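Reader: I am new to this protein. Could you walk me through it?

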Amino acid sequence: MVYDYKSVFTHIIDNYFYPRNSLKMKKIHKQEEINVDVQTIFNLINNVEDYPNFLPWCTKTEVTKESENTNIGKIFISKSFIKWNFSTKNLIDVNKSITLSLIDGPFDELNGQWSFKSIDKNNTHVTLEIDYKFKSSLIEISIEPIFHSIMNSILKSFIDQAFKIKYND
């Protein structure tokens with residue numbers, strides 16, 4: 001039997017220092033009413049291919065369209081010298097919601113939803129809800145602070161970009 005140092009180290013950390021059952025599902029909930037029409041903000045968030053143009057931690061994306069209302073999005077992240085990526089299946093209800101479910105990445109589970117509610121023709125209520133759990137304690141220790149930082153700023157980044165689009169900056 002051959003063992004590599006990474007799997008041995010991960011096994012020791014996960015099973016002796018941070019037992020796997022100690023990992024708990026975490027939740028993110030962000031919401032904002034913005035002075036942008038629903039179609040503009042929906043299209044911005046749904047257009048995964050453009051993320052590297054305005055999300056500073058996103059270095060690359062790959063999108064595969066499965067059907068009119070479904071695509072697979074892969075996001076490559078680099079922040080604080082740590083790089084990783086993850087893929088989600090995205091179910092799209094135009095101008096209403098984008099539902100995310102994990103395909104692969106450093107998570108054991110990740111499910112979420114962007115919701116869009118038009119307040120009037122110029123204003124939209126946007127909500128992001130994500131439930132997630134990392135695959136291991138070692139991954140959680142290394143990625144959680146960065147992921148948390150990204151999630152704390154993600155809605156603001158989209159809103160800033162939406163205003164740039166709205167005002168043609």
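This is a predicted model: local features need pLDDT of at least 70, side-chain atom pairs count only at pLDDT 80 or more; totals for chains, interfaces and linings use all residues.

Reader: In what order do the elements of the protein run from the N terminus on?

Author: Residues are numbered from 1 along each chain as its sequence is written, and side-chain values use heavy atoms, leaving out hydrogens and water. Helices (H or I, at least four residues) and strands (E, at least two) are DSSP runs, numbered from the N terminus. The protein has three helices and seven strands, in the order α-β-α-β-β-β-β-β-β-α.

Reader: What percentage of the residues count as buried?

Author: Buried means under 20% relative accessible area, with a 1.4 Å probe and protein chains only. Of the 169 residues of the protein, the buried share is 40%.

Reader: Which element supplies the largest share of the lining of the largest pocket?

Author: A pocket is an open set of points on a 1 Å grid over the protein atoms alone, where a 1.4 Å probe fits, with protein on both sides within 12 Å along at least five of seven lines; lining residues have an atom within 4 Å of a point. Here 14 residues line the largest pocket, with Asn46, Lys65, Glu68, Asn71 and Ile92 nearest its centre. Helix 2 (38-46), strand 2 (58-67) and strand 3 (70-79) each supply at least two lining residues. The largest share, three residues, comes from strand 2.

Technical notes: Buried means under 20% relative accessible area, exposed over 50%, partly exposed in between (1.4 Å probe, protein chains only).
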